[in-house]
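This report examines how selected parts of one protein chain are packed. Please keep the sequence and the structure in view while reading.

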Amino acid sequence: PANTKYFIHLDDKGSKNLSNYIKSQIKFADPPEQISINELDKISNSSGSVVVVGSALVTGKNYFHVSRHLRKFDKLSIVYFIGLIRTTSENYHKTTVSNLGFGKDGGSTFPVVFTEKIITTPSRGNTYWDLEKNFFEVMIGEIDEDHNTELQEYVSNRLKILRENRKEKGL
């Protein structure tokens, strides 16, 4: 919006770059102040708009933090601009967008604009490591231990790695 007072970017390089790019594409009579979400105390309750910019949204935690902080500024209008929204379901996506846009007029008071939406599966299965583990679990039962001790050891060790790393830190 032409009356934008602040560009607030999430605290990552992609969000800051996106914020700089958007700001460079618009000619403002009075250029808005660009701040990080770590500098929200710089905002004053003056009439105008705030553009919250982020390169991605997965859980929405940082955006909700900004939203809660900005609720006390009733003279400011908020626009959320997000590069990529990646959620685990269409329902979670709709709820997140509605909650971010919530204001005195309900769930669509403040616009939430994004360039791309991706709905991912919430399951952790069916990765390449899961497929490899499943393959070796079937294979180990078919190995003749008396004639293929080296293969038996390799498959056993690989299964151990695949099972334990998933629990600990991932592969």
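## The nonpolar cores

The largest nonpolar core has 22 residues, and the members that touch the most others are I8, I43, V52, Y63, L70 and Y80. A nonpolar core is a set of buried Ala, Val, Leu, Ile, Met, Phe, Trp, Tyr and Cys residues joined through side-chain atoms within 4.5 Å. Buried stands for under 20% relative accessible area, exposed for over 50%, and partly exposed for values in between, with a 1.4 Å probe and protein chains only. Two or more residues of this core come from each of β1 (4-9), β3 (48-57), α2 (61-70) and β4 (76-87). Such elements are DSSP runs numbered from the N terminus: helices are H or I with at least four residues, and strands are E with at least two. β4 supplies the largest share of the core, 5 residues.

In soluble globular proteins, nonpolar side chains tend to be buried together.

## Basis of the description

The model is predicted, and local features need pLDDT of at least 70, side-chain atom pairs count only at pLDDT 80 or more, and totals for chains, interfaces and linings use all residues.

## Y63 and the pair of helices

Y63 belongs to helix α2. Is Y63 buried or exposed? Because its relative accessibility is 2%, Y63 counts as buried. Apart from neighbours within four places in sequence, Y63 is in contact (heavy atoms within 4.5 Å) with L10, V52, G54, S55, A56, L57, Y80, I82 and L100. By contrast, F136 lies 73 residues from Y63 in sequence and 43 Å from Y63 in space, C-alpha to C-alpha.

How do α2 and helix α3 (residues 90-100) meet, and at what angle do they cross? Their axes come within 10 Å and cross at roughly 25 degrees. Axes are lines fitted to C-alpha atoms, for helices over the stretch in contact, and angles run from 0 to 180 degrees between N-to-C directions. α2 and α3 are therefore roughly parallel to each other; angles under 35 degrees count as roughly parallel, over 145 as roughly antiparallel, 65 to 115 as roughly perpendicular and the rest as oblique. The crossing of α2 past α3 is left-handed, a term for a near helix turned anticlockwise from the far one by less than a right angle, with clockwise giving right-handed.

On the α2 side the contact is made by Y63, F64 and S67, and on the α3 side by T96, N99 and L100. These contact residues divide into 3 nonpolar, 3 polar and no charged. Here Ala, Val, Leu, Ile, Met, Phe, Trp, Tyr, Cys and Pro count as nonpolar, Asp, Glu, Lys and Arg as charged, and the others, Gly among them, as polar.

## Buried residues in other elements

V50 is placed in strand β3. V50 counts as buried because its relative accessibility is 0%. Setting aside neighbours within four places in sequence, V50 is in contact with Y6, I8, L70, L76, S77, I78 and V79. The C-alpha atoms of V50 and L76 are separated by 6.6 Å, although these residues are 26 residues apart along the chain.

S36 lies in strand β2 (residues 33-36). With 7% relative accessibility, S36 is also counted as buried, and beyond neighbours within four places in sequence S36 is in contact with I8, H9 and D11. Q152 is found in helix α5 (residues 149-168) and is buried, with a relative accessible area of 14%. Leaving out neighbours within four places in sequence, Q152 is in contact with I140, I143 and E145.

## An exposed loop residue

N38 is located in the loop between β2 and β3. N38 counts as exposed because its relative accessibility is 55%. N38 and I78 are 40 residues apart in sequence and 17 Å apart in space, C-alpha to C-alpha.

Note on methods. Residues numbered from 1 in each chain as written. Heavy atoms only, no water.
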